[in-house]
Amino acid sequence: LRQPEKRASVSEAAVLDDPVTIILSDKGWLRQRQGHGVDIAALSFKEGDMLFAAIECRSPDPLILLASDGRSYNVSASQIPGGKGDGVPTGSLVSLAAGTKIVCLMTGQPEDRVLLANSGGYGFVATIADMITRQKAGKLLMTLEAGEHVLPPARIAQGGAQRYVACVSSADKLLVFPLAELKEMAKGRGVILMGLGDKETLKLTCVFTDTLTMRGVRRGRTIEEAPPFEVAKRARKGNAVNLKVEALSAAGGK
């Protein structure tokens, strides 16, 4: 007798594992492009919108969306539509709270560590595993006080090579202290990273080994330099730098 043909179930279907690039626009639209090395400059956006972030990953990878209100959200790269369109609004994949904005799009291994910080000057070290949730409403990762927002996380290199944390305030003061002074937590508010004056906020953080690169504006010119620094203790107010700082990056130990 002829055996009936067996149909493959969804669970038995092959899971694609392809290189993809995920693009997030400033207004929160997500889209996917096949492969790596995508020409980002050639991408078009809706009127009034622009590129916010683009990361290279694999199609089954979990993506982390960190929101300004301290919640983390997860989607699979395979959930994000491809093609030539503008993609889908982030709010159609996760339940973002009203008035919040995505501050970071990232992925990584469960054991990878990051420095989480907020504009109030507090922070802690967390792992990628701590940021994973199955809830569409997300997971409250960082506790904030009124008026505060979460900063983009600073990645910490594996292997313990990176030794220092750099913080820059809205008054363009720089504080550098040992990474070992920070706590590792799954969630919460953390400890004081940098002491802040009235109406002063924390605006940038970076984890580095020996050399810190700072980009900013001085006398109308954009400058990139490796400033001298002294290693102090956590929670100090830092020292003013002669630069309107726009970005920090690590040099060495990456």
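In which loop is the place of R219? R219 lies in the loop between strands β16 (211-218) and β17 (221-225). Strands here are DSSP runs of E with at least two residues, numbered from the N terminus.

The model is predicted: local features need pLDDT of at least 70, side-chain atom pairs count only at pLDDT 80 or more, and totals for chains, interfaces and linings use all residues. Residues are numbered from 1 along each chain as its sequence is written, and side-chain values use heavy atoms, with hydrogens and water left out.

R219 has a positive phi, near 50°, and is a residue other than glycine. R219 is exposed, with a relative accessible area of 74%. The terms rest on relative accessible area: buried is under 20%, exposed is over 50%, and partly exposed is in between (1.4 Å probe, protein chains only).

D172 also has a positive phi, near 60°, in a residue other than glycine. D172 sits in the loop between β12 (164-169) and β13 (173-178). D172 is buried, at a relative accessible area of 12%.

Strand β8 (residues 113-117) is mostly covered, with four of its five residues buried. Two strands count as paired if DSSP finds at least two bridges between them. β8 pairs with β9 (residues 122-127) in the antiparallel sense, over five bridges. The two strands form a hairpin with four residues between them. In the turn, G121 has a positive phi of about 95°. β8 is also joined to β11 (residues 154-156) by three bridges, and these strands run antiparallel. L115 stands opposite V125 in β9 and opposite A154 in β11.
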